[in-house]
Amino acid sequence: MRFSGKSRLGFYPLPVCEARQIRKFLLFPDNQSTALDPCVGDAVAFEAITAGADVLRYGIELDAYRAEQASKCVGKIMQANTLEVHCPVESFSLIFENPPYDWTLGIEGRRTEQAFLSHTYRWLRPGGILVFVIPGERLVECSQILASHFRDVRIYQLESAECVRYRQVVVFGTRRNRRERERLQDADIARARLQYASLARNAKQLSALPREPDAQYKVPPGQPVQLVSRGLPLDQIEDLLPHSPAYRQAGRILFAETKSTIGQPLTPLHAGHTALLAVSGLLNGIFGSGESRHIAFWQAVKVVDKTTEEDEKGVITIREKERFSSELTLVFATGEVATRK
């Protein structure tokens with residue numbers, strides 16, 4: 001995964017329009033059911049998929065801020081790594097899963113889509129419904145579980161711009177019960193895996209998710225579920241770590257002391273000196289008072305100067321010259337933002 005994706009912890013939410021289309025494929029019972037999103041994010045898509053149903057929503061989210069956002073519409077939120085969460089098997093009526101698209105760490109080096117499905121599918125009760133959003137080419141890694149444990153599987157392309165960018169498909173499936181799994185032959189599983197591998201190579205040929213569902217999946221009722229995290233409370237450790245004696249001792253070696261920039265320069269500063277001080281962050285800070293109080297932030301930006309020349313034959317030549325310029329952004333106490341170069 002690229003650095004920008006890792007900085008978001010692999011959070012690429014399903015567009016709400018696609019979530020609403022998926023909702024049309026689900027038929028919830030009149031009595032209460034249970035639903036889980038193990039990568040719930042801000043829960044906007046999860047809320048749309050379970051809208052209008054009597055359902056107990058559960059979510060797992062690694063990021064503290066998004067977990068707080070999700071708690072507004074999801075009754076049970078756990079801030080944790082899903083792969084470190086334990087749950088009684090065959091508990092949930094519905095699992096909606098849009099996992100990070102990356103490789104796991106360690107010797108195995110599995111795809112995260114496969115790792116999340118392998119860890120969570122057991123939590124789905126027999127007859128429970130899986131809604132699985134992944135890049136189409138990753139069907140091949142997930143084929144063993146899908147072929148062995150799910151029936152009535154349907155796969156569609158998603159057509160929103162962000163979904164097309166990541167070549168996303170949505171997989172619907174009903175979990176088989178024990179008797180159905182025992183009746184499966186090895187040849188049946190092998191044949192299904194070959195079909196998934198073929199779809200992974202030709203995912204663009206899949207039908208788009210229809211506006212009106214061509215099938216509906218009946219979500220079974222369910223009872224409240226208990227989730228338990230076995231992982232370390234990383235946010236709590238991060239808050240407590242600076243107060244530990246060991247951290248204070250190591251800090252002298254690991255972190256350079258903050259240097260003071262207060263003082264009188266030996267000679268008057270010219271424009272170049274001032275620009276270097278500004279873009280290095282030494283002139284950033286809070287200044288002024290009252291309505292003039294503001295935050296100043298300087299940075300260096302690349303500027304392209306274009307010139308156009310036309311000779312006597314009418315040939316136009318466009319020249320581009322790159323240079324760096326100082327940019328100042330001011331945020332005032334009134335909420336006004338100004339940018340100057």
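**Sheet, helix and aromatic pairs in a predicted model**

Reader: In what order do the seven strands of the open sheet lie?

Author: The model is predicted: local features need pLDDT of at least 70 and side-chain atom pairs count only at pLDDT 80 or more, while totals for chains, interfaces and linings use all residues. Residues are numbered from 1 along each chain as its sequence is written, and side-chain values use heavy atoms, with hydrogens and water left out. Strands are DSSP runs (E, at least two residues; helices are H or I, at least four), numbered from the N terminus, and two strands pair if DSSP finds at least two bridges between them. With mixed pairing, the open sheet has the order β4-β3-β2-β6-β7-β9-β8.

Reader: Which strands form the edges of this sheet?

Author: An edge strand pairs on one side only. That applies to β4 (76–79) and β8 (150–157).

Reader: Which residue in β3 is the bridge partner of threonine 34?

Author: Strands β2 (residues 33–37) and β3 (residues 55–61) run parallel and are joined by five bridges. Within β3, threonine 34 has as its bridge partner leucine 56.

Reader: Why do the buried residues of α9 line one face of the helix?

Author: Buried means under 20% relative accessible area, exposed over 50% and partly exposed in between, with a 1.4 Å probe and protein chains only. The buried residues of α9 are Ile189, Ala192, Tyr196, Ala197 and Ala200. Taking the directions from the helix axis to the C-beta atoms, these residues line one face because they fall within an arc of 145 degrees.

Reader: Against which elements do the buried residues of α9 pack?

Author: The face turned away from the buried side of α9 carries exposed Leu194, Gln195 and Arg201. On the buried side, where contact means heavy atoms within 4.5 Å, the residues of α9 pack against α6 (143–149) and β8.

Reader: What class of aromatic pair do phenylalanine 25 and tyrosine 156 form?

Author: Rings of Phe, Tyr and Trp (its six-membered ring) pair if their centres lie within 6.5 Å; planes under 30 degrees apart count as stacked, over 60 as edge-to-face and the rest as tilted. The structure holds five aromatic pairs. In this one the ring centres are 5.5 Å apart and the planes stand at 55 degrees, so the pair is tilted.

Reader: How many residues apart are phenylalanine 25 and tyrosine 156?

Author: Phenylalanine 25 is buried at 0% relative accessibility, and tyrosine 156 is buried at 5%. The former lies in the loop between α2 (16–23) and β1 (26–27) and the latter in strand β8, a separation of 131 residues.
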